[in-house]
Structures are given as C-alpha cells and as structure tokens.
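The sequence and the structure are shown first, and the description follows.

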Amino acid sequence: METAEKTVTPFTSKELVTDQEVRWCPGCGDYSILKQVQTVVPELGLNREEIVFISGIGCSSRFPYYMETYGMHSIHGRATAIASGLKATRPELSVWIVTGDGDSLSIGGNHFIHLLRRNFDVNVLLFNNEIYGLTKGQYSPTSEKGKITKSTPMGSVDHPFNPLAVVMGADGTFVARAMDRDPIQLRTVLKRAHQHKGTSLVEIYQNCNVFNDGAFEVFTEKSTKADETLFAEHGQPLIFGAAKDKGLILDGFQPKVVSLSEVSANDLWIHDERDRTKANMLVRMFDDPSREGHFPRPFGIFYVEDRFTYEEAYQQQLKEARDRKGEGDLDALLSGNNTWVVE
Amino acid sequence: MENNTLLATEATILFAGDSGDGIQLTGDQFTNTTALYGNDLSTFPNFPAEIRAPQGTLAGVSGFQIKFGSTEVFTPGDRCDMLVVMNAAALKANLKQLKPGGIIIANTEGFDAKNLRLARYAEGVNPLEDGSLETYKLFKIDVTRLTKATLEGSGLGTKEIDRTKNMFVLGFIYWIYNRSLDTTIRFIEQKFAKRPEIVEANIKTLKAGYNYGDTSETFMQRVEIRPAQIAPGRYRNINGNPATAMGLIAAAKKSGLNLFLGSYPITPASDILHELSKYKHFGVGTFQAEDEIAAICAAIGASFGGSLAVTTSSGPGIALKTEAIGLAIMLELPLVIVNVQRGGPSTGLPTKTEQADLLQAVYGRNGEAPLPVIAAKSPADCFFAAFEACRIAIEHRTPVFFLSDGYLANGAEPWRFPSAADLPEIKPNILNSAPAEGEKFLPYRRDEKLARPWAVPGVKGLEHRIGGLEKEHETGNISYDPENHEFMVKLRAERVEKVADYIGPQTLDQGPEKGKLLVLGWGSTYGAIKTAVKTALDEGYSVAHAHVRYIHPFPKNLESVLRNYDHVLIPEMNNGQLVRIIRDRFLIPAEGFSKIKGIPFTAEELLTKIKTLA
C-alpha cells in the first residue's frame with residue numbers, strides 16, 4: 001500500500017465529461033445527478049485516475065459511460081459484488097457504485113446487504129425512481145402497493161421496501177437521502193458520503209418522467225416541498241414548513257409533529273446523526289403524504305457510524321501473515337513437510 | 001523381515017467404517033507412510049453423503065481405498081486385496097469390492113446385535129459367525145476391547161479411548177506391511193500438541209496395534225512391497241485440491257501478481273478455499289462471498305484492479321456464475337474458473353465424482369461466448385493444469401475454465417514436485433503508462449495474441465470504461481452496429497482459437513502411432529485408461545492412449561492423431577460429452593463409453609471394452 005504522500009493533479013468538472021453522448025430521456029432526473037456528481041468530484045482532492053465508477057444494469061447504470069474516470073458497466077445487481085473485489089484488493093482507489101431501486105433492492109438485494117454489513121469504504125448512489133425504466137415501465141420493489149404498471153394492470157400486490165430501513169437493518173454506517181431536484185442538498189450529502197470511511201449509502205429520489213412522472217412531486221415541487229420535507233442537519237432541531245413553523249418532538253418513543261407556536265425550538269428533537277435509535281425512527285418516517293396528520297419525509301444524513309472497513313481488516317491480515325511468517329517461499333510450499341528421494 | 005514374509009508387487013486396501021471412526025485419517029496416515037516408504041500409490045476416499053449419518057448405518061459408511069506398489073500405480077485399484085471394516089455396515093457396503101479369497105479384518109465389537117440390525121442383516125445373522133465369509137480370509141479382532149486394555153489407567157474417558165481405536169488398526173496394518181510408525185507418531189504429536197495425554201494415548205494404541213501383530217498368533221503372513229522404481233527425484237504426496245491451490249499460488253508468484261480468490265463453500269471444491277486461506281503470506285487474498293454470483297463478481301472486480309483472480313466451485317455453483325462468466329468474456333479480463341465437478345444434475349451427488357459439466361464449460365452461456373477449457377488428469381496434474389489455466393488467462397486476457405472433479409480433488413498420489421525455478425514465467429504486461437501525447441488510449445486494441453491491454457485503475461491517462469454491452473472494435477465504446485457485432489463475435493472466437501498457437505501438440509501417452517484403436521480420454525479417467533491400455537498392449541492388442549488437457553481449443557494436431565486409428569473410443573464419466581464435441585468438430589465416428597455411477601471407471605471395465613475394438 002502507498003504510504004508516501006500523494007500528489008494530486010486537480011481537474012475540472014469538464015474533464016469528467018466523456019465523449020459519449022448521454023442517452024437518458026430528455027427531462028430525466030439522472031441528468032441533474034450526473035451534473036452534481038461531476039461538480040462535487042473535482043472538489044474531493046482525488047486524482048482522476050484513482051476514481052472508479054461501477055454500475056449494474058438499468059437506466060442509472062449507464063452512468064459510468066459518462067464519467068471520464070475508470071469505470072465498469074457490469075451486469076444486473078452485481079456492481080456491489082464487483083466493487084467489493086476491487087476495493088478489497090485496491091483499497092487506495094475511490095470506488096463509486098451507481099445503482100437503482102431494481103438493481104440494488106431486487107436482483108442485487110443480496111449483494112447490497114452484504115456490502116453494507118462488510119462496510120467497504122465505497123459510495124453507493126442509489127437512484128430510486130420507484131419504477132423499472134429500462135425495461136419500460138414495470139413496478140419495482142419500491143413502488144407503492146397498488147401501482148398500476150404494464151405487469152400489474154390491476155395494481156401491484158407487493159408491499160414495497162423502505163430502502164433506508166433495509167440499509168439500517170444491514171448495519172449501514174452512512175445513511176442518507178437526497179433528491180435530484182435539490183442540487184445543493186445533493187452536493188452536500190455527496191461530499192459527506194465521500195468523506196465517510198465505510199459504505200456511504202445515498203438514496204436519491206429521481207424522477208422518471210416517462211414511466212413514473214411525479215412520483216416525488218410532493219417533495220420536490222415548490223408549492224409543497226417545504227411542508228412535506230424535512231432536511232435533517234446534525235446538531236440542529238428538526239424544523240420544517242414554509243414558514244419554518246413546524247417541528248418534531250419525541251414524546252417518549254413517539255415522534256410527533258408540533259407547531260412552533262406551541263413548543264419552543266429548544267424542546268424539539270435535536271438531530272444527532274450518531275444516534276442509531278433515532279436514526280431508525282427517521283428512516284421509518286415513511287408516511288403516505290395523503291394521510292391526515294402525516295410526517296414530513298426526512299432528507300439529509302440520518303446516521304453515521306465509525307466501524308472498521310472490510311478492506312482494512314483484509315489488508316491487515318495479509319500484512320500480519322507476512323510479518324509473522326515472512327514472504328511466502330514457493331519452493332517450501334511445493335515441497336511441503338514430508339518428502340522422500342527416489343534414486 | 002521374517003522368512004514367512006510374502007513378496008508382492010502391489011496391494012489394494014480398503015479401509016471402511018462409520019464416518020466417526022476416523023477412516024479418512026487412517027487412510028491419509030497409511031498413504032503418507034507408504035509414500036515416504038517409496039511405493040507408488042493412488043488413493044480414493046469415498047465419503048458418506050451425510051455429514052453425520054446415524055452411527056452404524058449403511059448411509060454413514062466412510063471408505064478409503066489405496067493401491068500401492070513397487071511398480072507404477074495409476075489407479076486406486078479396481079478391487080481390494082484387503083478389506084478393513086470397523087462395523088457391520090462397512091462390511092455390507094464394501095464386501096463386493098473385495099477380491100475372491102481376499103483378506104477381511106473385522107472389528108468384532110462393530111458386529112454386535114445393534115450394529116448388525118443397523119446394517120440391516122437379518123435377525124440373528126452375523127456374517128462373522130455364520131460361515132458366509134468362508135471363501136475369504138477372515139481375521140476377527142476385538143479392537144475396542146484391546147484398545148481399552150491398552151489405555152487402562154490412562155485416566156481418559158470411554159469416549160476418548162474409543163476414539164483411538166483407529167490407531168490400533170493402523171498400527172496392525174503397519175505391522176503387516178512392515179512400515180515405520182514415525183510419520184504417524186509425528187503427525188499425532190503435531191495434531192494434538194495442546195493435549196499431551198491424547199498424544200500419549202494415540203501413540204500407545206498405535207504401538208499396541210503394531211505389537212499385536214508380533215505377539216498374537218492371529219496373522220499368518222506379513223507382506224513386503226518394495227519401493228517403486230519410478231523416475232528419480234524428490235517426491236511428496238499430494239491430493240488434487242491442494243495441488244490446484246498450489247498451482248494457483250505458483251502462477252501468482254511467477255506472474256508477480258497478487259492472487260485473489262472469490263469463493264462460496266461447496267462440496268467438493270471448498271478445500272481449495274480452505275487451502276488458499278492459509279497462504280496470506282504469499283499475498284493470497286480469499287473472499288468468502290455471500291453467494292456464488294458474488295464470488296465470481298468479486299473476482300472480476302479484483303481482476304479489473306490487476307490481481308490474478310480466481311473463483312472456485314462445483315457444478316451447481318458454476319451454473320449460478322454463468323452470467324458473470326459471460327461478462328468476463330466481454331470485458332476480456334483474466335479470470336480462472338475452477339469447477340471441481342460432482343454428480344449432477346441439480347444438487348445431484350455432492351460427494352460423488354462425475355465429468356458431466358464439460359458441455360457446460362464449453363458451451364453453457366448465453367450468446368456466442370467461447371473461452372479456453374483445460375482439464376487435469378490426476379491429483380498432481382491439478383498443479384500443472386491450474387498453473388497453465390492461469391498462464392492462458394493472464395497472457396490471453398480471458399476467463400479460463402479449469403476442470404477437476406471429486407475423484408481428483410480427494411485422491412492422492414506421489415508427486416515429483418518441480419522447483420520454483422523450473423516453472424515458466426508468466427507475463428501479465430499490465431500497462432503502466434499513458435499513450436503518447438495526442439494518441440488516444442484504445443482499450444480494445446489487440447496484440448499478436450489478439451488480447452486487449454490490461455489497463456488497471458490508478459494509471460493516469462488510461463481512464464476508460466468497459467462493460468457487458470457489445471463493444472466497438474478497438475475503442476470499446478458501446479456499439480449496436482450490425483457489422484461490428486458479427487465482427488466482434490468472430491473476433492472473440494478467433495482469439496480463443498489463437499490459444500492453440502501457444503500450447504503444445506497432442507501427444508500419445510502410450511501405444512503405437514497408428515493402429516486399430518485410440519482411447520481418447522480427458523480428466524480423471526487417466527489412471528484407469530492408462531492401466532487398461534498398458535495391459536492390452538502387454539497382451540498384444542493394437543491400442544494407444546491419448547489424453548486431452550486442452551479441450552478448448554484442441555491442440556492443432558488432434559485431428560491428425562485421431563485419424564491414425566480405425567476406431568476412437570472415448571470413455572467418460574458422463575452420458576457422452578467429449579465424444580459429441582469430437583464428432584461435431586472432426587466428423588469422425590468416435591464411440592463413447594459411459595459410466596455414470598458416481599464412481600470412477602475400473603481398469604477392468606475399460607480393458608473389456610478395449611478388447612472389443614482393438
């Protein structure tokens with residue numbers, strides 16, 4: 001492993017653009033996410049050649065072809081597994097996984113949870129559009145029950161995943177939610193995701209304007225956004241609303257929406273991204289916006305934990321074995337401990 | 001040795017007992033001692049299907065067969081000269097393996113009423129007492145009682161004492177063949193280093209077994225089998241799975257790459273994972289993945305990063321990896337896929353051997369997806385075949401199938417191992433600099449082997465994207481162009497065929513260059529075919545033996561070799577797979593010969609068949 005201080009050659013956002021024509025549908029939320037990633041990555045103090053984007057299959061998985069870094073567009077659901085092998089053996093690389101709700105939560109669900117459990121130091125951008133776009137409009141594991149699609153003309157009967165609840169369940173160490181239409185928040189979260197040592201999981205609400213247009217409208221439209229969303233900031237009270245007049249309190253173990261005219265801001269729930277119990281409550285705040293008295297949908301960084309990464313432990317064992325036994329001697333291996341000579 | 005010692009050229013012993021009786025350990029110890037003594041040998045462990053089947057039942061019988069001799073030995077023997085049975089079930093399951101007039105050594109305690117019932121002998125029937133074994137030489141020993149007597153006052157519990165009874169048997173067999181106890185004593189001292197009382201008990205029992213031969217009047221004759229006259233050199237004993245692991249490590253060393261194994265436990269391949277995980281000081285990283293798919297995908301990721309990447313599995317696991325193998329073919333990255341074949345289809349016969357995944361290896365993917373396929377022919381050959389698979393994978397930038405099977409994996413033979421210096425260097429040629437100013441890096445431009453550059457992340461100026469979508473020639477950009485697709489499909493086939501330029505010609509193992517019959521084998525049938533053809537040649541038949549290591553692509557001269565004979569016979573432990581490929585490829589009327597019983601061919605079966613054609 002490199003120990004010498006590395007020299008960084010700065011690069012611009014423009015240098016991250018490839019010669020490939022971007023092929024997403026006009027108006028797709030992916031454009032904004034690509035733009036924010038290309039804006040943030042040059043600010044991270046990385047050399048361009050040490051960056052690798054790995055994707056699976058789906059609309060979002062075209063992403064690596066548009067990033068002038070190393071990249072792999074792999075097979076459905078397996079980007080997480082491929083990234084695991086790369087990161088274990090090349091821990092110095094900055095590895096980014098681009099995936100979607102179908103790719104990571106359906107066909108790649110197994111690798112997804114094991115990546116989180118092992119806590120490889122990679123960044124996962126989970127584009128959630130609650131639909132299968134590339135295969136032209138079937139429901140996904142995050143589509144709401146009753147969703148009418150080509151494969152569910154009478155409505156889907158599946159109960160959907162709450163992606164971040166899955167991530168918390170798999171012991172993710174960086175759990176965040178952002179949206180394609182809020183570039184400032186998205187960039188903030190992406191930067192923090194990169195800085196976190198461990199698997200950083202960023203769920204990004206992404207509008208599929210062809211097959212599931214408006215799925216997140218209530219969270220993204222100016223007229224409703226302020227009342228329907230809450231951006232959690234570490235150390236700050238959980239306040240939301242167009243007039244910043246609403247907040248969350250914890251009544252025992254029960255979160256409650258309160259009006260700031262009745263409760264002082266000092267008594268509100270102060271967001272602590274190191275608090276696993278409260279993070280579990282925040283990610284579980286997953287109300288149907290049409291329900292009377294529902295909670296706002298939280299965004300931001302919900303949970304951060306410092307835990308050893310897989311590749312650190314893996315590389316440490318390789319080093320320890322060499323320290324203890326010396327560099328392996330092939331001749332000693334080939335002969336083993338019991339040999340005899342035939343004259 | 002005493003004068004009443006019989007001099008023999010070879011012997012086959014089958015140790016059988018309950019899976020808890022330590023049969024495999026007994027067999028391994030006898031093998032190591034026999035190997036060190038200088039006999040040539042071949043072994044065949046036969047595991048019960050269940051991990052711990054109920055004690056005393058037929059399902060729980062574990063077997064270990066060894067053939068050893070003062071002449072060359074190529075198979076673990078068709079039938080055995082001596083059957084050592086620890087209980088009634090072991091006798092019942094294996095008696096048919098014993099030669100007429102052969103020796104049975106039976107532990108009488110394993111033939112009590114309960115054991116007889118569990119072995120499904122009729123009420124009141126005890127084969128040791130009813131005369132049904134009178135055509136054999138039967139030796140009854142109350143091993144349990146003798147072991148107890150030996151360890152009386154040792155302070156050990158009944159269970160612990162009982163566990164040493166295999167040492168009594170082993171000691172007794174050592175006496176018969178006049179073998180030194182040293183190797184086994186050393187083994188016991190190492191294995192139980194933390195429990196001196198167990199070391200002492202095992203050694204005491206081992207010696208008691210040996211002395212029992214001397215002092216009791218039970219046995220008539222000791223047997224002497226002198227060291228074999230085999231090629232001079234330094235030897236060790238080796239099983240197929242460890243040999244495979246060593247071949248992979250050696251290839252990593254000779255290529256200067258780190259070895260990465262992505263694997264998921266599966267019988268009978270798991271031992272390669274266990275073995276490789278011991279060698280971290282060789283820079284060997286092992287990743288026990290969450291499933292078979294993750295195992296190969298992690299290997300692909302490691303290969304992209306510049307490691308020598310390997311995934312190991314068996315048939316059902318290989319099926320799961322199929323899509324990722326296709327990806328590796330498109331990415332044109334080095335990858336070795338080890339299939340330790342077992343009985344199929346589906347879960348099939350996990351602990352039994354078969355060669356039925358050949359067509360899966362050669363053809364079993366979506367689209368036109370060719371890759372090189374290499375098969376090992378013996379436990380020691382697993383080393384060379386695995387090394388060769390790595391060489392081709394690295395230098396030709398392609399996934400390579402390495403086929404072993406359960407028989408090779410667990411079988412053992414003496415191995416005149418090479419020195420590290422004897423092994424060829426492997427040249428990875430990983431690109432370490434950007435193209436000249438003004439030139440564009442073309443990730444799919446090819447060298448004389450038609451291999452594309454191996455450009456790993458971290459090198460400035462070589463940033464590029466690869467993926468599973470069809471590639472444009474040279475640029476590697478996504479391309480749906482019809483002409484390009486056809487061109488690329490043919491190019492991928494051509495570059496695999498190109499491997500044939502870098503392998504040796506097909507040679508004959510033995511027999512005349514022209515004649516009536518050629519027996520063409522692949523994989524673990526080697527020993528049985530070799531033995532059968534040798535006998536047929538001795539008897540004057542016109543027969544030769546060729547064994548193919550490179551199944552895809554074939555050596556360039558294979559067709560001309562085949563056409564030198566009136567008949568080509570292809571014995572396989574499957575329903576006829578190589579024979580289909582040979583017929584398809586060369587339009588010759590090769591004849592298949594199948595055995596699909598989860599056990600290897602016997603030389604006798606093959607000889608009978610050979611005589612009908614030669």
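A residue is called buried if 20 or more other C-beta atoms lie within 10 Å of its own, exposed if 12 or fewer do, and partly exposed in between, with C-beta atoms placed from the backbone. This is a predicted model, in which local features need pLDDT of at least 70 and side-chain atom pairs count only at pLDDT 80 or more, while totals for chains, interfaces and linings use all residues. Residues are numbered from 1 along each chain as its sequence is written, and chains are lettered from A, with ligands numbered from 1, in the order in which they are written.

**Chain A**

Chain A has 11 helices and 14 strands; these are DSSP runs numbered from the N terminus (helices: H or I, at least four residues; strands: E, at least two). The C-alpha trace of chain A spans about 95 × 45 × 45 Å along its principal axes. Of its 343 residues, 47% count as buried.

Most residues other than glycine have a negative phi, and most peptide bonds are trans.

| Item | Backbone angle | Location |
|---|---|---|
| N119(A) | phi about 60° | loop between α4 (109-118) and β4 (123-128) of chain A |
| E130(A) | phi about 60° | loop between β4 and β5 (131-132) of chain A |
| T267(B) to P268(B) | cis, omega near 0° | P268(B): loop between β10 (259-263) and α10 (270-276) of chain B |
| G344(B) to P345(B) | cis, omega about 0° | P345(B): loop between β13 (335-341) and α13 (358-363) of chain B |

N119(A) counts as buried because it has 24 C-beta neighbours inside 10 Å. E130(A) is likewise buried, with 23 such neighbours inside 10 Å.

**Chain B**

An automatic or database assignment sets the domain bounds. For chain B it gives domain 1 (6-224), domain 2 (236-503) and domain 3 (515-613). The centres of domain 1 and domain 2 of chain B, taken over C-alpha atoms, are 41 Å apart. Between these two domains of chain B, 12 residues of domain 1 are in contact with eight residues of domain 2, contact meaning that C-beta atoms placed from the backbone lie within 7 Å. On the side of domain 1 of chain B that touches domain 2 of chain B, α1 (23-37) and β3 (40-46) of chain B each supply at least two residues. The most comes from β3(B), with six residues.

E388(B) lies in helix α14 (residues 381-396) of chain B. E388(B) is buried because 23 other C-beta atoms lie within 10 Å. E388(B) and A251(B) are 137 residues apart in sequence, with their C-alpha atoms 8.1 Å apart in space.
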